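Let's take a friendly walk through some charged side-chain pairs. Have the sequence and the model open as you read.

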Amino acid sequence: MRFSQSLIPTLREAPANAEIPSHVLLLRAGLIRQLGSGLFTWLPLGVNVLQKVERVVREELTKRGAYEILMPFVQPAELWKESERWQVMGPELLRLADRHDNEYCLSPTHEEVVTDLFRNNVSSYRQLPCNLFQINTKFRDEIRPRFGVLRSREFIMKDGYSFHLDEETFDATYQAMYDAYAAILTRLDLDFRAVEADPGLIGDGDSHEFHVLANTGEDALAFSQDGDYAANVERAEAITEELRPDSKKDLTKLATPGVTSIESLVDFLEIDIVSTVKTIIVEGKDSPIALVLRGDHELNELKAARLPNVVQPLRFATEEQVLDAVGCKLGSIGPVGLEIPVYVDRAAGVLADFYCGSNETGFHLSGVNWDRDVSCDNNVDIRRVQEGDPAPDGSGPLSIVRGIEVGHIFQLGTKYSRSMQASVQDANGVNVFPLMGCYGIGITRLAAAIVEQRHDEIGIDWPTEASPATLHVLSLNAERSELVRTTSNQIYSDCMNAGIDVLYDDRPERPGVKFADADLIGIPHRVVVGERALNEGKVEYRYRRGETSLVEPSDIVRRLNA
């Protein structure tokens, strides 16, 4: 690729609307340009990156028995209605109609389509297991696209699906896909972690996320430094090792004018926040439901949404609903005397002599104790884990890091095969619904995650397997030197003939401009062709940010193929 003949519009300054390093650097290095909100055009260098990431993904999947297909981007609504996700997916599903008023959607995922493909073409257990994948465009109508291509509306994703007659073959495939994802991220030279995760609206069983570790990651990950436990904080179980102490105080009602939050209660009474509980009211299927947590803890909404009779997706009760159900305004709610279902978090359930709302505006209670003043029958895990909490497997305290989710594998069970009547005959001639697995990894998201983790103050540091080129050749002042021009062209030709992809900066630009662009783009190998070194029969070679050495031009191909 000749720089002068390609479209590589590098920028000296960071664009004003770019928030995180990957967004800034992909724009500045000329890999992407924004078309609209959450919509991006990938330019030649960017396309090279995507194609290389795709190649790594394809190689690791095919060696583990997955076969590539390509499914439509536009999907009929009736398939989504069969699976009962047409409404459940909400506004992220972009719906449209054709000229005949037939309803369609732009694909956010392909569970329905692949299940339809399966039921119309597979009928016998002899055809199982079946493991298929595609690399295709997806569209999710994000309410607020941000962070460049990390959270865009249109993106490229690899999604895979497997079908199984029994748990044994399913477990083997699930493990193979787990291993494939680990191998992909290892080949891309990324620091990553696989964690237990919540399946969300797609899955119906266990799942694992693969996260590239980065300070800008949207997800918090909990892991044990002394063991193998790792989970998204949305999924991580919060363990409480303390035992409830004996009560020592009487129940007392306190006037707390103007106190409407845990923080203001702590300040007003000059007490430790750990001795307080907060009560949150959410919508239930039959009546509002109260959730009680320790004052310093945060509700895990995904855990709460899985409680019996809680409305999904989780919705907090309005002030009017609270007033009608409890009899007081927000800020004064407590568990004592509530006539609605109450769930108590484990950590709140081991408190004694605690403070809480009295269900009367302007008043709180002190010296409250479980079982004496209020029931603690529904003791559950509904809080987010915190740094230092014990790991559920007993391996030590948890640490919290940030991660960018790039891959997610799901155990779907029979959620789609059953709802869409995709059955096969087993060895006894009985129709059974196969178990399904789902395996997704973001191609465009991976490209951005690489930049988030692998950059410095001057530019990107691409791993070899995903770099837009293997070698960057900088020809300095070639317009004034026939020797520089001839040598540069020869190196370019030799590398291309040897199958080495090259970005050849043949522009009539000042050396400073070329060096700045080379640092910004971040191709791992660099050769500088200039008159000074050529007077000694040499060119300058450098690998990444290392030392520069003088080598003979004819030695470049051997070095790169070593």
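A few questions and answers about salt bridges follow.

This is a predicted model, in which local features need pLDDT of at least 70 and side-chain atom pairs count only at pLDDT 80 or more, while totals for chains, interfaces and linings use all residues. Residues are numbered from 1 along each chain as its sequence is written, and side-chain values use heavy atoms, with hydrogens and water left out.

Me: How many salt bridges does a search of the whole structure find?
Reply: Side chains of opposite charge can pair when their charged atoms come close. Here a salt bridge means a side-chain nitrogen of Lys or Arg within 4 Å of a carboxyl oxygen of Asp or Glu. Searching the whole structure gives 42.

Me: Is Asp517, the salt-bridge partner of Arg12, buried or exposed?
Reply: The closest N and O atoms of Arg12 and Asp517 are 2.6 Å apart. Arg12 precedes helix H1 (21–28) and Asp517 sits in helix H13 (residues 511–521), so the pair ties together parts 505 residues apart in sequence; helices are DSSP runs of H or I, at least four residues, and strands are runs of E, at least two, numbered from the N terminus. Buried means under 20% relative accessible area, exposed over 50%, and partly exposed in between (1.4 Å probe, protein chains only). Arg12 is partly exposed at 43%, whereas Asp517, at 0%, is buried.
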